[in-house]
Amino acid sequence: MKELMLGNAAVARGLYEAGCSVVSSYPGTPSTEITEEAVKFPEIYCEWAPNEKVAMEVAFGASLAGKRAFCAMKHVGLNVAADPLFTMSYTGVNAGLVIGVADDAGMHSSQNEQDSRRHAVAAKVPMLEPSDSAEALEFAKLAYDLSEGFDTPVLLKMCTRVAHSQSLVELTEREEPEMKPYEKRIAKYVMMPGNAIKRHPFVEERTRKLREWAETSSVNRVEMGGTDVGIITSSTSYQYVKEVFGDSVSVLKLGMANPLPVKLIRDFASKVKRLVVVEELDPIIEDHCKALGLTVSGKDVLPLEGEFSQNLIAEKLGGTVHKGRAIEDAIPPRPPVMCAGCPHRGLFYTLSKNKCTVLGDIGCYTLGAVAPLGAMDMTLCMGASISAIHGFNKARGAESEGKTVAVIGDSTFMHSGMTGLANIAYNQSNSTVIILDNSITGMTGHQQNPTTGYNIKGDPAGKIDLEALCRAMGFRRVRVVDPYDLQACDAALKEELAAEEASVIISRRPCALLKYVKHEAPLEVDGDKCVGCRSCMKIGCPAISVKLGKARVDATLCVGCGVCEQLCRVDAFRSVKKEG
Amino acid sequence: METKNIMIVGVGGQGSLLASKLLGHLLMEQGYDVKVSEVHGMSQRGGSVVTYVRYGEKVHSPVIDEGEADYIVSFELLEAARWLSYLKPDGQIVTSTQQIDPMPVITGAAAYPEGLVEKMRATGAKVDALDCLALAERAGSSKAVNIVLMGRLSHYFDLPEEAWQRSLEAMVPRKFLELNKRAFALGKEA
């Protein structure tokens, strides 16, 4: 049966068909839907872990116990999980273990553009790289055979265009592998120096064997066409190459990013006049070719940054470039914004008004950096806000302690904010930490986390009490505010910044997009009262605009949060409902 | 046949994912190879979003590039203008006349250009503009703009009405089906 399926859903289907039994992941665009789709199969136990390192170690535990396991993450998540990955390379696996990692060339929803293939090379772990949904499904299954056949974890590398594109896949039945027996094998699984040193030669030998496998496996394939140009390519770049050149060039399509074949590449190179490597981001295949002594073109013409497309390939490599037209007017950009009714807005307005230095973190609230709020000074990686405020305050002392805050979401706090908070409690800086608790993991599309009280299926689960947790770490000043209440936010912020000890403010209100959140009637503006002072425009609400000197509310967007109302000095806002 | 390209553009949260699902289903049922490329994550938060739908005998690239779109279906006027350069020389735009101010316009840092439909037509583009929001509200919900647009788009396709109806039935939740069928009909007849 053929189905049109999202790349990430195809990976989930591949897990199902391969008999995978345990999935533990942390959400991250563009990887999230793999786990959201996997949970739809009752045969697979799925969970959201607090972070990627935990997820990978859960999956490892399940593999060790004898069941096929999986974890998914985005490219930067693999940095968090790099610690277990590098040593799992040494231990190998019991039942098959596959790690899905999704890169984000073009940075559609990421803070950097790193190339995960580097992790595969560095950790000496095989990596498969599908170029559409059919391959995503096929490679997910193949990954388990490789994992068990070569005693290794296997990386399955997605990218935004493969993860978030739908294409046709062929479905088959689930295979039910028997649970592998668990044997105590101290020399294989206890990685103390005396054991690990004996595993390292195994890893090197495994790479040699995998390279041999890669020479003849159908995962790497030659498509001979015209022989003036031969292109070595992989992933979505392969699709752009075929789109532009069809059969007019010869193509070596690599489905395995690590290890790369040697003989296969040499043979291909010998059959074409000019050799070109087309790969997004880093020159990994290209450097491999150069190390083999081949003359090859690649990053001398193609960019290291951003996504490729058919026009880019055509322009750089001599195909037909399609041109468009435009009107003369400048088209104003439409950057993403905090939604109408977003609970983060009131809090960020308060930070902006108080001219705070704001050390930020990863989530929807990073949009607090955007005009007119502009209330963010730094965003680095998950959890960095809390660790960095401590360093910032240690460096600048009392002068910064009185005006600097760290802001971090509930899910990000659970991911890696707790350890930074422990450092503040232990090494004692007078820092003010604000946890933006919107009761969900927002940016990636509403995933539960350890503070929400629900699991991935929406069933009741353990619930971590943020206030109790902070108090247990030794914070005496822990308080909760409602970010819709601007006065309360302002008072709490001023008091905690002035306090002579570290404090935690929990800004608590559920995300306005959550289905269970009941919205108030939208507001409207009394045109007779409005004086057009634009005070309400300071919060950057997409529902409010000023037309002909008067504020106006878009009733289709407004959820009646009332934050704008609190800024109006002439009481011009009124509820549509109250007025009938 | 040569691969055909449809772009669906709009503002994050306007419902372009359902429109692309519907098209994907419809075209697959016709026996075509299909690729649909979507945007998830941060851009969805009120930003400019685009979905690519490509179909033909064999589709390679999941994206559509400048000068390649046979159709641009737009939920919002400024977004139609933003993506105009992606239209083929003889391509067709189907757009709602709804205007949503982006943040730079709201803050006064930029102006929303006037007369966009005429200006787009002046470049030689074929523009079919209609008030899809009003039609959607007439059908019963402002959220049905996506299906009004699909109804309008169906004008330009040589496909039987039953094929569109089958895809609507397959892709729309049952409790919203009647509403969306009304929205489709209103878009088609407008």
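**Interfaces in a predicted two-chain model**

Trainee: In which sense do strand β8 of chain A and β2(B) pair?

Mentor: This is a predicted model, in which local features need pLDDT of at least 70, side-chain atom pairs count only at pLDDT 80 or more, and totals for chains, interfaces and linings use all residues. Residues are numbered from 1 along each chain as its sequence is written, chains are lettered from A and ligands numbered from 1 in the order written, and side-chain values use heavy atoms, without hydrogens and water. Strands here are DSSP runs (E, at least two residues; helices are H or I, at least four), and two of them pair if DSSP finds at least two bridges between them. Over two bridges, β8 (residues 165-170) of chain A and β2(B) pair in the sense called antiparallel.

Trainee: Which residue in β2(B) is the bridge partner of A:Ser165?

Mentor: The pairing of β8 of chain A with β2(B) has two bridges. In β2(B), the partner of A:Ser165 is B:Ser37.

Trainee: What area is buried between chain B and chain A?

Mentor: Contact (heavy atoms within 4.5 Å) joins 60 residues of chain B to 58 residues of chain A. Buried area is the accessible area (1.4 Å probe) that two parts lose on being put together, summed over both. Carbon and sulfur atoms give 57% of the total, which is about 4,800 Å².

Trainee: How many salt bridges does the rule find across the interface of chain B and chain A?

Mentor: A salt bridge places a side-chain nitrogen of Lys or Arg within 4 Å of a carboxyl oxygen of Asp or Glu. The side chains of B:Glu79 and A:Arg334 meet in one, at 2.5 Å, N to O. Across the interface of chain B and chain A, the rule's count of salt bridges is five.

Trainee: What area do domain 1 of chain A and domain 3 of chain A bury between them?

Mentor: The domain bounds, from an automatic or database assignment, include domain 1 (2-216) and domain 3 (344-508) of chain A. Their centres, taken over C-alpha atoms, are separated by 33 Å, and the contact takes 17 residues from domain 1 and 17 residues from domain 3. In domain 1, A:Tyr26, A:Trp48 and A:Gln111 lose the most area to domain 3, together 39% of what that side buries. Carbon and sulfur atoms carry 61% of the area between the two domains, which is about 1,200 Å².

Trainee: How many salt bridges does the rule find across the interface of domain 1 and domain 3 of chain A?

Mentor: The side of domain 1 that touches domain 3 includes three charged residues (Asp, Glu, Lys or Arg). Across this interface of chain A, the number of salt bridges found is zero.
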